[in-house]
Amino acid sequence: GKPRFEAKVLAQRLTTSIATRVAMLTIFLVAFVPLLDLPIFPRQDRSLELWARNLEEVFAAENTTKLSAEMNSMVLFYENSDYAPYAVDGWGVSLTTSVSEPLRAQNRIIIEVDECLMERTACQGSQRAIIYFNFTGANQMGALMEIGLILVIVGIMIAMTHDLGSILTVTMVRPLEKMFGMLLQQAQQLIDIVASEEDED
């Protein structure tokens, strides 16, 4: 009969094992990686522009009391968010909030009104009324998620390397060791037979 461990059979077993683990890894990454984006702020948060428009509409109505109330409502709206407004410019009223200006410029987001409903020095031509947002918390969370993703990928690579070593041991090394052991045993028996025949001569 055919030998139990043929090169073709070993190659097929190794290919099947590796293909199975690659498929499992792909499924894991496709299912897990999007979960890392859940804590991050919405990619398309239109509330920032809407608040700028609301403030401009209230300002155009020339109601200072309502404008201050609208600003307080905006501060409360972002109270539990990772980002919040810390200053406004162009409406003649300062923003009352505990949020401070970010230390890094990349964490400062500037939101301008689409159009000036009432022209004034701070909002005319190319100049617009502005809301300044502090995105420090949101950017820090994004950075943590990226670090987490890198750690997950490194962990997967280490696990896959170890698993691949186990696959090679089970599918290639041990069968080959057994084959070579059988060959060595048969060779030793052949040597013993030849040696005994020479002794008889």
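Guide: Welcome! Helices (H or I, at least four residues) and strands (E, at least two) are DSSP runs, numbered from the N terminus. Ser-47, for instance, sits in helix H2, which covers residues 47-60. This is a predicted model, in which local features need pLDDT of at least 70 and side-chain atom pairs count only at pLDDT 80 or more, while totals for chains, interfaces and linings use all residues. Residues are numbered from 1 along each chain as its sequence is written, and side-chain values use heavy atoms, with hydrogens and water left out.

Visitor: Is Ser-47 buried or exposed?

Guide: We go by relative accessible area: under 20% is buried, over 50% exposed, and in between partly exposed (1.4 Å probe, protein chains only). Ser-47 is buried because its value is 10%.

Visitor: Which side chain makes a polar contact with the side chain of Ser-47?

Guide: A polar contact is a pair of N or O atoms within 3.5 Å; within protein, one must be able to donate a hydrogen and the other to accept it, and residues adjacent in sequence count only if both atoms are side-chain atoms. Here the partner is the side chain of Tyr-78, at 2.7 Å. Leaving aside residues up to four places away in sequence, Ser-47 touches Phe-77 and Tyr-78 (contact means heavy atoms within 4.5 Å).

Visitor: How do I read the packing of H2 and helix H3?

Guide: Two packed helices are described by the angle between their axes and the distance between the axes. Axes are lines fitted to C-alpha atoms, for helices over the stretch in contact, and angles run from 0 to 180 degrees between N-to-C directions. H2 and H3 (residues 64-77) pack at about 165 degrees, with axes 9 Å apart. H2 is therefore roughly antiparallel to H3 (under 35 degrees is roughly parallel, over 145 roughly antiparallel, 65 to 115 roughly perpendicular and the rest oblique). From H2, the contact involves Ser-47, Trp-51, Asn-54, Leu-55, Val-58 and Phe-59. H3 contributes residues including Leu-67, Met-71, Met-74 and Phe-77.

Visitor: What lies between H2 and H3?

Guide: A loop, and Glu-62 is in it. Glu-62 has a positive phi of about 55 degrees although it is not a glycine. Its relative accessible area is 65%, so Glu-62 is exposed.

Visitor: And where is Glu-56?

Guide: Glu-56 belongs to helix H2. With 1% relative accessibility, Glu-56 counts as buried. Its side chain is joined to that of Trp-91 by a polar contact of 3.0 Å. Beyond residues up to four places away in sequence, Glu-56 touches Trp-91, Val-113 and Ala-129 among others, including Cys-116 and Cys-123.

Visitor: Which residues does the disulfide join?

Guide: A disulfide is a pair of cysteine sulfur atoms within 2.5 Å. Searching the whole structure gives one disulfide, which joins Cys-116 to Cys-123 with an S to S distance of 1.8 Å. The angle about the S-S bond is -90 degrees, and the link is left-handed. Cys-116 is buried at 17% relative accessible area, and Cys-123 is buried at 0%.

Visitor: How accessible is Glu-79, and where does it lie?

Guide: Glu-79 is in the loop between H3 and strand S1 (84-89). At 56% relative accessibility, Glu-79 counts as exposed. Its C-alpha atom is separated by 33 Å from that of Gly-125, 46 residues apart along the chain.

Visitor: Which helix holds Val-154?

Guide: Val-154 is in helix H4 (residues 136-200), and its 39% relative accessibility makes Val-154 partly exposed. The C-alpha atoms of Val-154 and Ile-110, 44 residues apart along the chain, are separated by 37 Å.
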